[in-house]
Structure formats: C-alpha cells, structure tokens
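Subject: Structure handover

Hello,

Here is the structure I promised to pass on to you. Have a look at it first, and then read my notes below.

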Amino acid sequence: MLKKISKRAVLAWLVTAACTSYAAYPEKVIKLIVPFGAGTSTDAMAREFGQALSAVVKQPVVVENKTGAEGTIGGQALIQAPPDGYTIMLTSSSLTVLDPLIKKVLPYDPNKDFTPVCGVARVGNVMNMSSTLPYKNVTEFLAAAKAAPGKFTFAYSSATTRLAGELFSQASGIQMVSVPYRTSAAGLADVAGGQVSLFFIDHLSASPFYQSGKIKPLVVGGPQRNKSLPEVPSASEVGVPGYQIFPWFGVYLSAQTPPAIANVMREAMAQALKVPAMKAKIESSGMEEFPICGDALGKLQVEEMNQWAQVIKKAGIEKQ
C-alpha cells in the first residue's frame, strides 16, 4: 500500500524540480529582439549589449531586428515566442512608455505582458535640422517658425521622436507639422534632402548625417550639453528649458517567463553591464548608465506615462 504523501512534500518536490530544471539556463542560443531598424541607437546598443551578455552567459546572443508599426511588430514577437527565457527584447522607452498613450490598439499591454529585466542606458534627444535651411542657430529658426506657424515640419519614426517634437513645439511656442516614417533612417534621409525640416532624435542615430554635413544639430534636450556634441548648446542655454527628454533602453522578457529564469537573466545583465567594453561603449557614446531593474523599472514606466500624458493632451493627439 502506497504511503500518503502530504501536500507540503509535493510542493517541496515541485519547487526543487523547477529549480533544477532552470539551473542550466541558459544552455543554448538567446535571441535578442530589436523592434527598430539597423543603424538606430537602439540597434547599436543591442549589439554591444548582446556581445557583453554572451560573454557572461557563455552562449551566443543573436540580434534580430523586427521592424514595423513603430516598434509594435517587435513587441508582438516577444510575447509570441516561447516564454522560456531564450527570447528577450531590448527596446527604447518609446515602446513601453509612450506607445500605450498614443496607439488605440496594441497587441499587448507593456505593463502586463512584459517583465522588466533591467535598464541599460539612457540618452539625450537632439533637435536636428536640415542643412538645406539657412538658419545658423535655434534663435534664427524660432524667429522664422513664429513668423510662419505650420511652415516647418519634423519627421518621426517612433512615439519618442514624435513626442520630442511636440514637446519642443510646446516649450518654444511654435507650431510645426509632424511627418511619420517607418524607420528613422528614412526620415533622416528626407531631412538631409530637405523634404522635411527637422528630426528630434538622439545624436547616435543622426551621427552619419552630421559627418556628411547634410544635417546639423542645433539644440540638446535638457539642462546640460552632451559631451559627444560639446559645441551644441543645451535647451536651457537657448531659453527653451522645457525641452527635456531622456529616452532610455531596457531589456524585457515575456510576462509568462518563470520568475526563476527572470532572476537569472537579471543577474546576468548586472554582470554584462559591468563588462569593460560595455561600460566604455556607453561612455564613449555620450550616454549614461541606467541600471534600474525589476519592479523599479516597471514603476518608472508608469510615472513617465503619467508625465507624457500631459504633453499628449496639450498637443491634442488622439490615439490612432
């Protein structure tokens, strides 16, 4: 006759078995989804991070760009993948903070369907102007924009780049027309060609166009200059202190991922962010380290959503 097994014993066995099954994680290739195109700051950060994480976990980390719908395709790919920890996503805060505020229909809820692992870095935003325009500085541009409301345009390829333009408009008291693009590269190309006036995006994404001289950075968002653009004044210096935006990059798992695996990934990330090459990449790129993890990162998302909701309301942007 079989002995009666207590519920406590069964639970203990299940916990032990679960821990044992996760002990070897990770033991195969990890796919790192990037919801934006190649050449973007998100893509560049993901590739550097992928190498650092690979060195820590001793497994290949393969970056896969899933573009489209301003990042939504990539987010959907994460929740559709098996929640076993072998598919992760590195995204900008555009996807997790801003999309829920401006998109009427999303195939996921970032606050419920994604598990925050850790932040990686944060970057400033830059007002980038087409060199085909004659203005030498932001003062000249603002004078022209105030004299002709709606004359100038700005490109955007994500919620962040759209709202950065709206924030600048509100802070400086001008009116501009926004123009959507599938990728930042396409938008920047049109700004370089003079079809669009401006693009409010980070300096890393716009850097190739600075080198060619076809786009020039006029203002850095925030109270201080970016050390990668030492000659470009900050928003506070030019009298537009309200233009403050600091997009950040974070890594996420599907919310269905077992907590034990999420914890292993957080520990691995903490080590990866200390890899000398990774730290050097963040510093040389003019970014700041952003090691906020787990529930703290989730709380930050909600706080920033509340802040940006006010900008959206003032801009009269309806969910689309």
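T160 sits in helix α7, residues 159-172 (helices are DSSP runs of H or I with at least four residues, strands are runs of E with at least two, and both are numbered from the N terminus). Leaving aside neighbours within four places in sequence, T160 is in contact with S93, S94, L98, I245 and P247, where contact means heavy atoms within 4.5 Å.

Before the rest, please keep in mind that this is a predicted model, in which local features need pLDDT of at least 70 and side-chain atom pairs count only at pLDDT 80 or more, while totals for chains, interfaces and linings use all residues. Residues are numbered from 1 along each chain as its sequence is written, and side-chain values use heavy atoms, with hydrogens and water left out.

Next, helix α6 (residues 138-147). Its buried residues are V138, F141, L142, A144 and A145. They cover an arc of only 165° around the axis, so they are on the same side of α6; the arc is taken from the directions from the helix axis to the C-beta atoms. T139 and A147, on the other side of α6, are exposed. The cover over the buried residues of α6 includes β5, α7, β8 and β9.

Helix α8 (residues 184-193) has S184, G187, L188, V191 and A192 as its buried residues. Down the axis of α8 these fall within an arc of 140°, so they line one face of the helix. They pack against β5, β6, β8, α9 and β9. Just after α8, G194 has a positive phi of about 90°.

Where do α8 and α9 meet? A185, L188, A189 and A192 in α8 meet S205, A206 and F209 in α9.

Finally, the largest nonpolar core has 49 residues, and M127, F141, F168, M176, F200, Y243 and W308 have the most contacts inside it. (A nonpolar core is a set of buried Ala, Val, Leu, Ile, Met, Phe, Trp, Tyr and Cys residues joined through side-chain atoms within 4.5 Å.) Helix α12 (residues 294-315) gives the most to this core, with six residues. Another core, of 33 residues, lies apart from it and has Y86, I88, V251 and M287 among its members.

Happy exploring!

How values were computed: Buried means under 20% relative accessible area, exposed over 50%, partly exposed in between (1.4 Å probe, protein chains only).
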